[in-house]
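Here are some notes on the model shown below. Please read them with the structure open.

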Amino acid sequence: MAKRYTDRTLLEDLQRVKDLLKLDTLSYTEYKKYGKFSDKTFRKHFGSWSSTLMVINCTVLKTRRIEPPAIVLRDFSKVDNLQLKDALIGADLHMPYHNTDMLNVLINTGKKLHIKNLVLVGDTFDFKTLYTKAVNSKAPSWIVEQQIAKDVLMEMSKHFIIDIIPGNHELRLPKLLQSIEDAEGFYKLLYANPKITFRDVHQHIAINDWLHVSHCGNTKIKLAKAERIVNVHRKSLLVFHSHRFAFCVADSGIEVIGEGLHLTRPELHEYTQVQLSDFSQWVEGFWILKENKIYPYVNHEHIGKPLGL
């Protein structure tokens, strides 16, 4: 019986040869002088030699703990401020573990309402094979994860001009790569498209001066940020990460605050069995910004859809 090798075994040997030759990248001809594995073996695992090189540049082979980048945003006047007549606002797709049905609803809503802008606020990507063992037996390969996500984004770009703001899952890539710049470069290179813009690492933007949208995985920071935006800066806020749903008016009676809604498939996530409370169920949906008014599109049996949909 032929011996089976893991992806990690192949990548470790490739890294060994790169270090030996002191090269940032290398051809298979250079590798085979000192490497243990055949070109056929690499192609079987990763699809091609170029795909193998992409994987090794986005995979940490060292075992030491890597701390996530320190990202602090205090001056909200400096965030990107998009001027959009209308937009759909979604979050938590976790591609390639997204909800295709809800994405089709989002696309059809854009067509019905003649909305051409889409803002994705965090956790657009979720490359599980890079960071968790819990789902590695179920997840496709890193190459397949990339390709599915790329195909979905390309399809959505046929219908929308897309702005993508990072969330906590996007920030796992700079954690793994040990570089925010390398991660940003990777996303921009892999998903290069004139209709898609990747925003900076603040996990936060403003729209039309009055509406802030944010994605933060740290609850304390999220609450502090929300209080500062609403109570100090007197801006409305949509905050994402929880996958749940809430919508209210601030104490002032002027600013609105919305939380949650997601576009993913809960059954594909490793932590959906963790019951945080009796009311911790995820809620599908997205947000509609139309003529400077915000509407939630909520997929829930007791919540009505916006009129006209």
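1. His 212 has Leu 237 in E8 as its bridge partner. Strand E7 (residues 211–215) and strand E8 (residues 236–240) run parallel and are joined by five bridges. Strands here are DSSP runs of E with at least two residues, helices are runs of H or I with at least four, and both are numbered from the N terminus; two strands pair if DSSP finds at least two bridges between them.

2. This is a predicted model, in which local features need pLDDT of at least 70 and side-chain atom pairs count only at pLDDT 80 or more, while totals for chains, interfaces and linings use all residues. Residues are numbered from 1 along each chain as its sequence is written, and side-chain values use heavy atoms, with hydrogens and water left out.

3. The open sheet has six strands in the order E1-E6-E7-E8-E10-E9, with mixed pairing. Strand E1 (81–82) and strand E9 (245–249) are the edge strands, each pairing on one side only.

4. Glu 255 lies in the loop between E9 and strand E10 (256–260). Glu 255 counts as buried because its relative accessibility is 4% (buried means under 20% relative accessible area, exposed over 50%, partly exposed in between, with a 1.4 Å probe and protein chains only). Leaving out residues up to four places away in sequence, Glu 255 touches Val 230, Arg 234, Lys 235, Ser 236, Cys 248, Val 249 and Ala 250 (contact means heavy atoms within 4.5 Å).

5. In the contact between helices H1 and H3, Asp 7, Leu 10 and Leu 11 of H1 meet Thr 41, Phe 42, His 45 and Phe 46 of H3.
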